[in-house]
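I opened my notebook to look up a few things in this structure. Here is what I looked at.

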Amino acid sequence: MDDSTHYTPPKVWTWKKGNGGRFANINRPVAGPTHDKELPVGRHPLQLYSLATPNGVKVTVMLEELLALGHQGAEYDAWLIRIGEGDQFGSGFVAANPNSKIPAMVDRSGPVPVRVFESGAILMYLAEKFGAFLPAGGAARAECLSWLFWQMGSAPFLGGGFGHFYAYAPVKIEYAIDRYAMEVKRQMDVLDRRLADSPYLAGDEYTIADIATWPWYGALAKGLLYSAGEFLQVQEYTHVMRWTDQIAERPAVKRGRKVNRVTGDPASQLHERHDASDFETKTQDKLNHDHSL
Ligand SMILES: N[C@@H](CCC(=O)N[C@@H](CS)C(=O)NCC(=O)O)C(=O)O
């Protein structure tokens, strides 16, 4: 049996650097910058500093959806933040997000730049700025915000809880995996029951509640998160699957999920996005042609 099951916490916790878990190199018990580095600024009103993790994809999908609706003010530069290399601890990034996590956005459309961090806050900010994907009031708005905040509160149990202990921890701890597998299956059932009754989370319309939830729970439903599809028997959640497939077909979603992506098929990776035409000309398959051929 692993020693971790016999651990007695000392009186005072101390930091053991590099405890073997994946991402141990970037985890610290303190906040603040580690080095001086300004953030680049492009020509568009909105500057996004991100990476195509589920939290990052929420925002690029939202921006592409807004552009698809014709909101030119949603034009954006998406700069790549390589969290594995510690870019989130540069002084410029910390000024945009004191929590040192992607995504972070700066709205430079007005006289004074406005910083926004936390993916849920960014979605709400954009929805309110453009009057889109968030019902204006009443029960519809309450339902949308309820599901948006449900996602913000639930995903850490999926990622930081289940994903961490199932896939990333240096030891497999049955108690922790059991606890979080149960919670994640419960969350999937919450979504499945809602989506059995309703086309989208907030009702008949696609909203920021779906935009926030799809990158996490849609990916889980497709077995793309932590290779846990079989373990969690995700195919049982047929209504989540229907919703996942429907959203995946949206052209803006297809574009948004490519932005700031640095893994997978080169054709699916647009490391930085500075113009709508970048999707045609700047994905990694287009940039990496073999000149020897
Ligand atoms: N609640 C935050 C979570 C953001 C978050 O956890 N970002 C991760 C990537 S998905 C990150 O930047 N991690 C880097 C680190 O922890 O140093 C949000 O929704 O924006």
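**Ground rules.** I worked on a predicted model, where local features need pLDDT of at least 70, side-chain atom pairs count only at pLDDT 80 or more, and totals for chains, interfaces and linings use all residues. Residues are numbered from 1 along each chain as its sequence is written, and side-chain values use heavy atoms, with hydrogens and water left out.

**Helix H8.** Which residues of H8 are buried? I found Val240, Met241, Trp243, Thr244, Ile247 and Ala248 in this helix, which spans residues 238-248. Buried means under 20% relative accessible area, with a 1.4 Å probe and protein chains only. Helices are DSSP runs (H or I, at least four residues), numbered from the N terminus.

**Arg273.** I found Arg273 in the loop between H9 and helix H10 (278-281). Is Arg273 buried or exposed? Its relative accessibility is 0%, so Arg273 counts as buried. Arg273 touches, among others, His44, Glu64, Asp77 and Phe279. Contact means heavy atoms within 4.5 Å. The Arg273 side chain also reaches the backbone oxygen of Tyr76 at 2.8 Å.

**H8 again.** I noted that Trp243 is one of the buried residues of H8.

Definitions and conventions. Buried < 20%, exposed > 50% of the residue type's maximum accessible area, 1.4 Å probe, protein only. Helix = DSSP H or I, 4+ residues; strand = E, 2+ residues; numbered from the N terminus. Polar contact = N/O pair within 3.5 Å; in protein donor to acceptor, adjacent residues only side chain to side chain. Lists of a residue's contacts leave out its neighbours within four places in sequence.
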